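Welcome to my notebook. I opened a structure today and looked things up one by one.

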Amino acid sequence: MNEPLIDPLVWLILLPLAWATLAFVLGPGRGGWLAIAGLVAQCWLAFNLAQQVSAGVAVVHAVGGWGAPLGIDLAVDGLSAAMLLLTQTVALPLAIYARSYFKASDPAGAGFWPLTGFLIAGMNALFVSADLFNLYVTLELVGLAAVGLVAAGGGAQQVAAALRYLFATLVGSGAYLLGVALIYGVYGTVSIATLLPLVTNEVPRLVWIASALIVSGLILKTALFPFHFWLPPAHGGAPAPVSALLSALVVKASFYLILRLWLGPLQSVLPAFGWLLALLGAAAIFWGSWQAIRAVKLKRLIAYSTVAQLGYLFLIFPLLAAPAALQAAVMQAFAHGLAKAGMFAAAGVLIKATGQDTVAGLAGAVERLPVTMFAFALSGITLMGLPPSSGFLAKWQIIQAALAQGHWIIVVVVLAGGLLAAVYVFRVLRLGFLSTPENVTFTPVSRVLEWSAFALAAASVLLGLRGVELIQLLGART
Amino acid sequence: MTSYELVPLAVLASSLLPGLIIFALPDGWVGVRTSLNVFAAIGKLGLVALLLDGVAAGENYGVRYAVLPGLELSLQADALGMLFITLSAVLWLFTTLYAIGYLEDKPRRSRFFGFFNLCVTATMGISMAANLFTFFVFYELLTLSTFPLVVHRGTDKAMKGGTIYLAYTLLGGTALLTGIVWLHHLLGHTEFAHAGIAAALGPEYAGQLKIIFLLLITGLGVKTAMVPLHGWLPQAMVAPAPVSALLHAVAVVKAGAFGIVRIVYEVYGVEFAQSLELLLPLAIFASVTIVWGSLRALFQDDLKKRLAFSTVSQVSYIVLGVALFGPIGTIGGLVHLVHQGIMKITLFFCAGNYAETLGIHKVSEMDGAGRRMPLTTLAFSIGALGMMGAPLTAGAVSKAWLIDGALAASMDWAVWVLWTSSLLNAAYFLPILWRAWFRPVPVAWPEEHIPRHGWRETAWLLLLPPLVTAAATLAAGTLSDSDVTPLAWAKLIAEREYVGRSVP
Amino acid sequence: MTTGFVFAITGGALFALGAAGIVLIGDLMRRILAFNLMGSGAFLVLVGLAQRYDVADPVPHAMVLTGIVVAVAATALALALVRKLHALTGEIELPDDADE
Amino acid sequence: MKRMMVVAFVVTLALAFVFFLSAAMLELAPAAIDLRVPVSAHLTESGVSHPVTAVLLNYRGYDTLLEIAVLLLALVAILAVVGEAPVAPSRAAHPVLQTLGRLVTPLMVVVAVYLLWAGAFRPGGAFQAGAVLAAAAVLLHLVGLLAGWSSPRLRLRIGLAAGFALFLAVAAALLKQGSLLQYPPDAAGTLILLIECGLTVSLALILAGLFLFLAREEGA
């Protein structure tokens with residue numbers, strides 16, 4: 001294979017940084033088209049990169065030409081290529097959605113484009129970084145951008161939610177940073193590749209403390225039960241495109257990092273935490289679903305659904321000996337990413353049309369907004385894990401991995417979680433199917449909004465037919 | 001892609017694509033929607049005929065697609081599947097015609113026909129599924145696409161019925177999925193095969209296989225409406241008449257029964273199932289359902305509810321036939337799958353006609369209906385007599401085979417179950433017929449919507465479908481020995497399932 | 001014990017103090033201070049532990065400089081949010097989160 | 001009572017943490033990797049002679065690039081949060097303070113320039129220089145000589161973003177002949193100085209902005 005003219009790995013970071021800066025210079029609310037153009041290019045880059053990785057090309061980039069451990073290395077394997085792909089493909093439809101969503105004078109949209117650019121750049125940088133300290137900087141980039149997006153132009157509730165979120169994310173990255181400081185103290189390096197042979201089965205006690213700090217910091221940022229308290233107000237209170245970005249992508253970034261360390265430098269230490277994380281994951285599934293079933297507001301319901309769905313990601317940790325477990329995690333990240341983006345986008349349309357953010361206000365929505373409700377239903381199918389959606393494949397893989405290792409309890413949790421998801425999804429759908437009450441009016445909503453929500457939701461279902469490619473990408477050995 | 005792969009896909013596409021297009025049509029475009037519906041139904045019938053011809057000649061129509069390594073969506077037209085697919089395709093055409101007449105000038109028709117088409121697509125997929133995973137995919141699609149039809153009216157009552165329907169079917173689906181994953185884990189695949197695949201596992205797996213069987217049958221038993229999993233069926237009666245007709249006669253309950261047939265014959269293998277002692281409990285389960293359904297039907301005044309409990313009872317005839325070890329019982333069960341479909345759809349069409357034309361919803365309102373609507377009542381009578389197993393009807397044929405099957409399997413008690421059920425059938429159908437034909441016409445009908453025009457007692461699109469299916473009921477009963485009947489096809493299947501045994 | 005260790009252990013203590021502060025303190029201004037204490041603790045550990053044999057290592061120094069800038073950015077954002085909250089509600093404590 | 005239990009629990013947890021952390025630190029063996037060796041070995045190629053600056057802007061320059069992004073991002077977020085509230089009128093302080101401000105500001109500018117220049121071979125650099133400049137601006141505001149800032153106009157926005165944009169552009173341009181931020185050894189010093197100059201201006205504006213954009217009328 002010829003050396004590509006453009007190194008997709010580096011440009012996936014530079015491009016969003018560039019359009020974010022430019023959008024800031026252009027001024028509040030400007031830069032939508034720029035972002036969309038940038039994201040189109042990024043999608044192409046991410047596909048290109050995934051193809052290279054699938055073909056077995058090792059993609060490593062030594063920033064500054066120094067190489068680890070003196071410099072910082074960027075490295076891409078199947079896992080990171082998949083996450084990059086997910087990020088770009090979810091962000092593009094959401095950008096199109098957001099451009100119609102925010103009116104020119106909307107204060108909530110004032111900083112949207114630059115903040116989103118920094119957010120995506122931060123995530124892309126996180127997925128490719130092979131340096132623990134550099135990962136800390138990217139974590140902060142992602143966290144602060146996300147907080148800014150939640151708070152932008154909001155009222156007291158949003159600002160309070162943003163503060164809660166800010167403290168959670170800062171404590172999380174603080175714990176992570178202390179963990180990294182300890183690791184540097186023990187080994188004298190923060191490069192993942194250099195650490196890999198150094199961290200053996202006989203590690204000093206300090207590495208255990210460091211690992212515990214890193215994992216607890218990251219599960220706080222991933223909103224794993226019982227650290228989920230910040231998520232529902234933040235994701236439920238932000239404008240719909242922001243909620244979609246945060247729920248679909250941002251929480252996955254810190255989860256990815258746990259997975260990366262688990263499979264990489266800390267593989268001899270972290271598996272000790274496997275069942276603890278799975279237990280919290282199971283608790284998240286039940287607690288999140290239960291709260292979603294009781295929620296009054298529509299977006300609250302969807303946010304609690306995120307709490308529940310994140311639980312599945314953590315069920316895989318005791319199972320990682322089987323390759324199906326990693327595949328399940330990535331499939332679930334894709335399934336939830338696409339479906340949740342679609343669902344929040346649909347909720348945004350419903351809220352704009354009905355003028356209220358309540359589940360009870362949806363009577364008649366199927367009749368008036370069929371495309372949007374269809375999108376909601378398709379997302380719901382993925383979240384419930386019904387076939388042929390990608391959510392089903394994720395659950396199938398978890399169950400197979402669990403059965404192969406004889407862990408029946410995980411099978412039961414997965415299946416029960418699917419049923420609970422059905423309860424809260426159909427809570428919304430059945431109201432939508434009611435005849436329209438006479439005194440209710442629906443405000444007309446832009447078709448761009450409806451169809452971009454639909455595209456995301458449909459993609460979450462159709463991805464269920466392309467599972468083989470994703471698994472090939474994950475299995476690629478570079 | 002060869003034509004052997006294309007035809008099964010085309011069978012799916014012939015209702016999926018029209019369904020998707022119809023969703024996008026405005027409600028007012030009656031002409032476009034109607035022609036699309038009718039042409040799709042006729043086109044599908046043509047495709048099914050092509051398949052039927054090919055399968056009879058032993059050709060191999062099938063297509064596979066891997067969604068994960070080791071997990072394939074696989075469609076295959078085999079003799080058993082063709083029985084169900086032909087039934088569905090034929091009845092779909094008539095139900096479509098009926099639904100066009102029934103929904104005239106009512107709101108949300110595009111949505112209705114869209115989901116209606118999805119529902120049929122799911123049924124086609126269920127028929128052609130070549131492994132349990134594919135079966136499950138379409139089984140759940142069926143659940144999802146029938147929910148909007150059940151709640152179509154958008155009332156609180158409809159919503160309650162729909163919610164109960166969902167609760168039952170999703171729980172059942174989860175049980176089914178558990179069984180499938182477990183089996184897939186043990187075997188590494190779930191492909192259907194004559195004489196089954198489960199026997200390949202050693203005797204040490206007998207315990208696990210029994211639990212899996214229970215899970216699978218529980219999952220399928222929900223849609224089959226076997227007692228005590230039948231609670232949704234009477235509640236789902238809030239749906240419009242064409243939906244009830246489709247749900248009860250073809251799609252939903254039959255999907256469950258058909259699944260049980262697949263499980264017993266092609267996953268476990270009937271011999272292996274017998275050796276695991278699974279068939280007797282299944283037969284008892286079915287018998288209880290048969291008697292209980294009939295008993296409950298006796299006390300329903302709501303016409304559609306009475307028919308619903310009758311369905312509960314009749315569908316389990318199929319399961320009973322399957323559970324009677326031996327080819328004769330198999331033939332009885334399979335042929336009843338078709339016959340019950342034709343008869344029950346006739347009854348539901350007629351019930352819909354009474355409600356649409358005269359506003360009759362209850363048995364107690366049926367007085368004199370036969371004089372006002374003689375043709376509908378004639379069709380209803382044929383269907384009802386068929387259900388009782390009266391001579392010359394399709395019901396007589398299937399009951400005769402089932403009784404012979406029970407005797408051949410030395411399960412004499414099953415004969416008593418069948419006779420009891422027949423008596424109860426008579427007890428709840430004959431009063432209706434008596435009221436309709438022999439009681440005087442009331443002063444006013446509850447709510448007369450459609451006035452009489454000469455011989456046309458109601459809209460012709462409502463009248464034609466029940467008359468055709470009633471005629472088919474008689475034809476299947478009188479011509480049962482010819483080569484082109486469901487009975488002949490059921491014999492062909494039984495031959496293939498009981499390899500090496502003589503089939504009468 | 002070298003001075004490096006003294007720094008590192010002090011850093012650990014500051015971190016714990018800050019973390020406990022964030023959990024226990026309702027007043028948002030003091031919470032922001034607690035967060036900065038926590039951050040400083042981590043920086044001290046980073047630098048102190050690396051020079052536990054009292055030879056300075058430039059790499060953690062540079063990392064801490066980066067970390068300080070990030071902490072400044074985070075603190076500024078937190079202060080802006082608290083000010084906004086105060087302007088909107090007159091409070092500098094977080095209100096209860098309610099799904100109404 | 002419940003509150004007391006929570007406090008007691010958290011404090012116990014924190015104390016236990018400190019205890020175990022300290023114990024674990026003290027039993028530590030020397031680290032396997034010593035980065036001081038390569039840091040000083042490549043110092044001549046790095047374009048600067050101070051090791052911390054070399055790490056900051058060359059070996060781990062990518063961290064610094066992202067760090068500036070974080071700072072700019074925080075400013076963007078703050079602007080989005082505060083919105084369009086009117087600027088508070090600057091209150092004139094005591095004349096003595098004003099005079100002091102006028103006197104100190106030029107001095108601070110000189111110090112900033114020195115810090116920028118010194119960064120190449122001793123502690124100092126763009127961030128320190130920018131911070132001193134920003135402090136000067138804050139000082140002027142406090143004595144009433146500089147009003148709080150309203151939403152930034154195009155020119156100010158360009159100034160705020162220019163340092164980061166320049167850094168980004170240099171990083172990308174260097175891709176042409178190597179990897180990201182790979183300075184050619186002979187041009188490294190010049191390029192780093194160029195970046196530092198740009199950064200000083202923008203960092204000063206951003207840091208000042210973090211203060212001055214918040215100097216708004218409250219409750220409006």
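Is S80(A) buried or exposed? I found that S80(A) counts as buried, at 0% relative accessibility. Buried means under 20% relative accessible area, exposed means over 50%, and partly exposed is in between (1.4 Å probe, protein chains only).

**Ground rules**

I noted that this is a predicted model, where local features need pLDDT of at least 70, side-chain atom pairs count only at pLDDT 80 or more, and totals for chains, interfaces and linings use all residues. Residues are numbered from 1 along each chain as its sequence is written, chains are lettered from A and ligands numbered from 1 in the order in which they are written, and side-chain values use heavy atoms, with hydrogens and water left out.

I placed S80(A) in helix 3 of chain A, residues 78-101. Helices here are DSSP runs (H or I, at least four residues), as are strands (E, at least two), and both are numbered from the N terminus. I then looked up S80(A) with F127(A): they are 47 residues apart in sequence, yet their C-alpha atoms are 5.3 Å apart in space.

Next I turned to L163(A), which sits in helix 6 of chain A. L163(A) is buried, with a relative accessible area of 0%. From L163(A) to A151(A) the C-alpha atoms are separated by 8.3 Å, and the two residues are 12 apart along the chain.

**Entry: salt bridges**

Side chains of opposite charge can pair when their charged atoms come close. I counted a salt bridge when a side-chain nitrogen of Lys or Arg is within 4 Å of a carboxyl oxygen of Asp or Glu. Over all chains, the structure holds 15 salt bridges.

Which residue does E367(A) pair with? E367(A) forms a salt bridge with R108(B), and their closest N and O atoms are 3.3 Å apart. This pair joins two chains, because E367(A) lies in helix 14 (residues 365-368) of chain A and R108(B) in the loop between helix 3 (79-102) and helix 4 (109-128) of chain B. E367(A) is partly exposed at 34% relative accessible area, whereas R108(B) is buried at 13%.

I also followed R64(B), which forms a salt bridge with E72(B), the closest N and O atoms being 2.8 Å apart. R64(B) is partly exposed at 44%, and E72(B) is partly exposed at 27%. E191(B) forms a salt bridge with R64(B) too, with 3.3 Å between the closest N and O atoms. E191(B) is in the loop between helix 6 and helix 7 (206-224) of chain B and R64(B) is in strand 1 (residues 61-68), so the pair ties together parts that are 127 residues apart in sequence. I wrote down a network as well: D131(A), R60(D) and D63(D) are joined by salt bridges that share partners.

**Entry: spaces inside**

I worked with a 1 Å grid over the protein atoms alone: a cavity is a set of points where a 1.4 Å probe fits but cannot get out, a pocket is an open set with protein on both sides within 12 Å along at least five of seven lines, and lining residues have an atom within 4 Å of a point. Grid points are joined across faces, edges and corners, and a volume is the space filled by probe spheres set on the points.

How many cavities of 30 Å³ or more does a search of the whole structure find? The search finds 6. The largest cavity holds about 190 Å³ of space. It is lined by 19 residues, and the closest to its centre are M384(A), G385(A), L386(A), T174(B) and L177(B). Helix 17 of chain A gives the most to this lining, with 5 residues.

I then looked at the second largest pocket, with a volume of about 1,200 Å³. Its lining has 32 residues, and V171(A), L220(A), F227(A), A19(C) and V23(C) are the closest to its centre. Among the elements that each supply at least two residues of this lining are helix 8 (205-222) of chain A and helix 1 (2-26) of chain D.
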